[in-house]
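Here's a quick tour of the pockets in this one, plus a look at a helix that matters to the story of the lining. Have the structure open while you read.

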Amino acid sequence: RALLPATGLILAILAWGGYIYNTTGVFAFGTDQSSWNGWNYYKANNPRAVELYPRINLDTLDDDDGLMPSGAMRNEWEMSHTQIALGNRFIHDHPDMVLKMDAEKLYVFCCDLKEAPERTPGHSRLVVVFSNLVNHILLTFCMVLIGIRVRNHHLDRAEVLALLFLMAYMTPYFAGWVYTRHMVPVYDVFALVLAIQLTTWKAGVRTGDTAGLC
């Protein structure tokens with residue numbers, strides 16, 4: 001059952017990479033999957049980003065030439081690679097700023113009720129605050145149940161897949177930046193997992209099998 005989707009994924013990677021290679025001379029994969037990767041990576045890893053994140057949209061950095069590397073760039077890929085190098089240099093030279101921003105990313109991921117970014121500076125819409133509250137509660141409840149099941153060596157397959165999805169999905173965002181809208185797929189997946197957990201719990205209560213619930 002896993003062969004068909006895996007084959008489709010491999011074919012998509014090869015087709016896209018081959019097309020970009022035929023067009024630009026670079027096989028699109030990893031950091032070279034898009035020539036915008038360098039721009040977005042550098043946008044998240046520079047001193048101005050630390051000052052703006054998470055309330056002010058980092059896209060405001062696109063409004064001037066602050067993200068443009070110095071010197072002439074021969075093509076889009078050279079610019080992307082240069083920007084990735086600049087982002088790596090910032091991480092190497094300013095680990096304190098990087099840790100501060102990483103802590104804020106984690107806060108947006110699990111705890112922040114305010115709007116990130118805010119549509120109106122200094123004001124978070126009430127509907128967004130309520131939505132964040134519900135999503136954080138559901139995610140936290142689900143993760144607590146997963147933690148209990150890990151302790152008891154009884155993880156469900158859906159929980160394992162959800163954790164793998166979480167790690168794979170969130171890694172690029174922590175390399176760059178994460179906003180509330182980026183979290184929607186995560187909240188949806190873990191809401192489904194929570195429904196499975198509660199269904200399993202109810203089924204165990206009905207049958208009297210409480211040993212394997214958590």
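A residue counts as buried here when its relative accessible area is under 20%. By that cut-off, the buried residues of helix 7 are Glu-159, Ala-162, Leu-166, Tyr-169 and Met-170. Keep in mind that this is a predicted model.

**Helix 7**
- Helix 7 runs to 19 residues and spans 28 Å from first C-alpha to last, close to the expected 27 Å.
- There's a kink of about 25° at Tyr-169, shortly before the proline Pro-172.
- At the N-terminal end, Asp-156 does the capping, with a side-chain oxygen 2.8 Å from the backbone nitrogen of Ala-158.

**Largest pocket**
- The largest pocket holds about 340 Å³ of space.
- It's lined by 13 residues, and the closest to its centre are Asn-37, Tyr-41, Pro-172, Ala-175 and Gly-176.
- Two elements, helix 2 (37-44) and helix 7 (157-175), each give two or more residues to that lining.
- Helix 7 is the top contributor, with four residues.
- Sorted by class, the lining comes out as seven nonpolar, six polar and no charged residues.

**Second largest pocket**
- Here you get about 160 Å³ of space.
- The lining is made up of Leu-9, Ala-12, Ile-13, Trp-16 and Gly-17, along with Ala-28, Phe-29, Gly-30 and Gln-33.
- In class terms, the lining of this second largest pocket has six nonpolar and three polar residues, with no charged ones.

Definitions and conventions. Residues are numbered from 1 along each chain as its sequence is written. This is a predicted model: local features need pLDDT of at least 70, side-chain atom pairs count only at pLDDT 80 or more; totals for chains, interfaces and linings use all residues. Side-chain values use heavy atoms; hydrogens and water are left out. On a 1 Å grid over the protein atoms alone, a cavity is a set of points where a 1.4 Å probe fits but cannot get out, and a pocket is an open set with protein on both sides within 12 Å along at least five of seven lines; lining residues have an atom within 4 Å of a point. Grid points are joined across faces, edges and corners, and a volume is the space filled by probe spheres set on the points. Ala, Val, Leu, Ile, Met, Phe, Trp, Tyr, Cys and Pro count as nonpolar, Asp, Glu, Lys and Arg as charged, and the others, Gly among them, as polar. The expected span of a helix is 1.5 Å times one less than its number of residues. The bend at a residue is the angle between axes fitted to the seven residues ending there and the seven starting there. Buried means under 20% relative accessible area, exposed over 50%, partly exposed in between (1.4 Å probe, protein chains only). A polar contact is a pair of N or O atoms within 3.5 Å; within protein, one must be able to donate a hydrogen and the other to accept it, and residues adjacent in sequence count only if both atoms are side-chain atoms.
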